[in-house]
Amino acid sequence: MDEQKNERNGKADLEKSTAHIIVEIIEYMTNAVVIKTIIKKSTGNISIMSFDSGEGLTEKTSPFDSFAQIIEGKADIVINKISHLLQTGQGIIIPAHAPNFINPNGRFKMILTVIKSGYE
């Protein structure tokens with residue numbers, strides 16, 4: 001990952017009580033992973049991410065359960081060394097404390113929801 005950018009436009013949340021076309025909220029940037037926070041709360045957050053071709057995320061673990069949903073394109077999400085090819089419309093729960101990473105598979109966009117509740 002050459003560059004990671006967080007587009008916030010001065011605020012973390014999207015405008016409330018307004019319909020949004022989720023896949024259009026974020027654009028691709030050349031050689032980059034772009035992250036935009038939709039909602040950020042003490043109990044969890046929702047982010048939308050775009051990955052240019054060849055870009056992924058390195059292995060990490062989180063103390064929280066996460067839900068990854070592909071909203072455009074496809075991606076290999078590797079959890080506990082098992083690869084899961086997800087395509088537009090598919091999602092997967094990444095369990096807390098499970099090593100995971102994202103292998104590039106062309107350009108794609110996804111929503112990542114992290115649930116912090118229950119792990120205090």
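Visitor: Before anything else, what does contact mean here?
Guide: Contact means heavy atoms within 4.5 Å. By that rule, residues 24 or more positions apart account for 64% of the contacts in the chain with a separation of 6 or more.

Visitor: And what kind of model is this?
Guide: This is a predicted model, where local features need pLDDT of at least 70, side-chain atom pairs count only at pLDDT 80 or more, and totals for chains, interfaces and linings use all residues. Residues are numbered from 1 along each chain as its sequence is written, and side-chain values use heavy atoms, with hydrogens and water left out.

Visitor: How many helices and strands?
Guide: The chain has zero helices and nine strands. Both are DSSP runs numbered from the N terminus, helices being H or I with at least four residues and strands E with at least two.

Visitor: How much of the chain is buried?
Guide: Buried residues make up 38% of the 120 residues. Buried means under 20% relative accessible area, exposed means over 50%, and partly exposed is in between, with a 1.4 Å probe and protein chains only.

Visitor: What about the nonpolar core, which residues have the most contacts inside it?
Guide: In the largest nonpolar core, with 19 residues, they are F51, I77, I102 and M110. A nonpolar core is a set of buried Ala, Val, Leu, Ile, Met, Phe, Trp, Tyr and Cys residues joined through side-chain atoms within 4.5 Å.

Visitor: Which strands supply it?
Guide: β2 (32-41), β3, β5 (65-79), β7 (91-94) and β9 (108-115) each supply at least two residues of this core. The largest share, five residues, comes from β5.

Visitor: What does I77 touch?
Guide: Leaving aside neighbours within four places in sequence, I77 is in contact with residues including A68, I82, L86, I92 and I102. There is also a second, separate core of eight residues, which includes I25, I26, I48 and I71.

Visitor: Why would such residues sit together?
Guide: In soluble globular proteins, nonpolar side chains tend to be buried together.

Visitor: New topic. How many aromatic pairs?
Guide: The count comes to one aromatic pair. F51 and F108 are stacked, at 4.3 Å centre to centre with 10 degrees between the planes. For the rule, rings of Phe, Tyr and Trp (its six-membered ring) pair if their centres lie within 6.5 Å; planes under 30 degrees apart count as stacked, over 60 as edge-to-face and the rest as tilted.

Visitor: Where in the chain are those two?
Guide: F51 is in strand β3 and F108 in strand β9, 57 residues apart. F51 is buried, and F108 is buried too.

Visitor: And S50, buried or exposed?
Guide: S50 counts as buried because its relative accessibility is 0%. S50 is found in strand β3 (residues 44-51). The side chain of S50 reaches the backbone oxygen of E27 at 2.8 Å.

Visitor: What else does S50 touch?
Guide: Not counting residues up to four places away in sequence, S50 touches several residues, among them Y28, F108 and K109. The charged end of K109 sits over the ring of Y28, 5.0 Å from the ring centre. That takes NZ of Lys or CZ of Arg within 6 Å of the ring centre and within 35 degrees of the ring normal.

Visitor: Last one: what is the phi of N80?
Guide: N80 has a positive phi of about 50 degrees although N80 is not a glycine. N80 lies in the loop between β5 and β6 (82-87). N80 counts as partly exposed because its relative accessible area is 43%.

Terms used: A polar contact is a pair of N or O atoms within 3.5 Å; within protein, one must be able to donate a hydrogen and the other to accept it, and residues adjacent in sequence count only if both atoms are side-chain atoms.
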